[in-house]
Amino acid sequence: RIRIARFRKLTEPCAPGRPSPAGLPIAGFVLLAAVTVFWGVNWPGMKIVLGEVSPWWFRAICLSLGGGALLCISRLSGNALRVPVGDIQPLLLCAIFNMVGWHLCSAYGLTLVPAGRASIIAFTMPVWAAFFAIPVLGERAALPVLAGLGLGLAGLVVLIGHDMAVLGTAPVGSMFMLGAALSWGFGTVLFKRHDWRTPVATAIGWQLLLASVPVSIGALAFEPVPALQTLSTPAIIAFAYVLAFPMVFCQWAYFKIVSIFPAVYAAIGVLAVTVVGVYSSLLLLGEPVGWREIVALLLVCSAIFMVLVLPRLRG
């Protein structure tokens with residue numbers, strides 16, 4: 001019964017106000033760690049699948065199956081699938097930025113730049129979310145948060161600076177990834193701004209399904225239907241992983257984290273995804289890792305410590 005009660009608490013509707021990190025539940029930090037790992041490994045996984053499935057169809061399948069799975073999970077958890085009238089317009093707006101913009105731009109960008117580097121550009125998203133939160137949410141960042149943002153940005157600069165020449169030869173891919181980061185960052189702040197009555201799993205499930213409609217239409221219009229039965233074993237495994245963890249669990253968990261943490265705190269926490277993305281790309285795809293990646297790892301871990309750990313120690 002205790003376990004069921006804890007699980008149901010994680011599937012409750014979002015609340016607009018939350019305490020500082022010193023008073024946050026451990027479940028929030030566990031979700032943050034899980035999202036970091038699963039989303040980091042997602043980048044080489046997507047790269048493998050996109051080598052055999054076109055971007056529009058890849059995202060159409062992910063959005064439709066992921067949305068359906070999340071709605072099933074939400075219903076089995078005892079939540080209603082009906083969306084209150086006041087949540088419909090915010091749901092549509094969030095679906096445009098969080099799902100359509102992010103998924104299409106990142107899929108196309110990933111076909112043009114290495115997986116590790118794509119994750120770095122994409123996860124400048126927390127920086128944009130933190131900045132969007134200032135005018136949209138009126139959030140004020142304390143000194144540890146500003147220091148953490150600075151350290152996180154420094155880690156990204158260390159990684160990106162080495163690859164400026166490479167990115168210069170693939171401007172389209174880089175712009176797609178940057179567009180994905182901006183879209184997701186703005187969508188995150190929109191999700192945070194609204195006082196949701198819809199449970200997180202239900203809200204994200206509907207966002208995914210709503211986004212699957214225009215993406216599926218685009219897939220039918222622009223690309224031939226893929227022959228999924230001809231996929232290689234690595235692609236099948238990678239596809240299953242992407243659907244189960246990043247598309248279902250991480251989509252729900254990330255926005256649950258956003259509902260628990262202030263936007264800037266959640267933003268810094270997921271910066272570590274870039275490091276996991278780079279190293280998992282090394283292990284799975286053979287992409288190189290040097291001293292810059294090691295320095296970036298130290299900087300990003302320091303950023304997480306400044307924002308998430310230090311306030312708890314002080315509390």
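Biologist: Which helix is Leu210 found in?

Modeller: In this predicted model, Leu210 is found in helix α10, residues 200-222.

Biologist: And why is Leu210 called partly exposed?

Modeller: Leu210 has a relative accessibility of 33%. Buried means under 20% and exposed means over 50%, with partly exposed in between, so Leu210 counts as partly exposed.

Biologist: What makes the nonpolar surface patch?

Modeller: Val85, Ile88, Leu92 and Leu210 make that patch, about 340 Å² of it. Patch residues need over 30% relative accessible area, and Leu210 has 33%, so that part of the test is met.

Biologist: Which helix gives the most to the nonpolar patch?

Modeller: That's helix α4, residues 85-110, with 3 residues. As background, an α-helix has 3.6 residues a turn, so residues three or four places apart point the same way.

Biologist: How much of the protein is buried?

Modeller: Buried residues are 53% of the 315 in the protein. As for the surface, the protein exposes about 13600 Å², with carbon and sulfur atoms supplying 73% of that.

Biologist: How many helices and strands are there?

Modeller: The protein has 14 helices and 0 strands. On contacts between residues at least 6 apart in sequence, 92% join residues at least 24 apart.

Methods
Residues are numbered from 1 along each chain as its sequence is written. This is a predicted model: local features need pLDDT of at least 70, side-chain atom pairs count only at pLDDT 80 or more; totals for chains, interfaces and linings use all residues. Side-chain values use heavy atoms; hydrogens and water are left out. Patches are made of residues with over 30% relative accessible area and no salt bridge: like charges are joined within 9 Å, nonpolar side chains (Val, Leu, Ile, Met, Phe, Trp, Tyr) within 5 Å. Accessible areas come from the Shrake-Rupley method with a 1.4 Å probe; for residues, only the protein chains shown count as cover. A salt bridge is a side-chain nitrogen of Lys or Arg within 4 Å of a carboxyl oxygen of Asp or Glu. Helices (H or I, at least four residues) and strands (E, at least two) are DSSP runs, numbered from the N terminus. Buried means under 20% relative accessible area, exposed over 50%, partly exposed in between (1.4 Å probe, protein chains only). Contact means heavy atoms within 4.5 Å.
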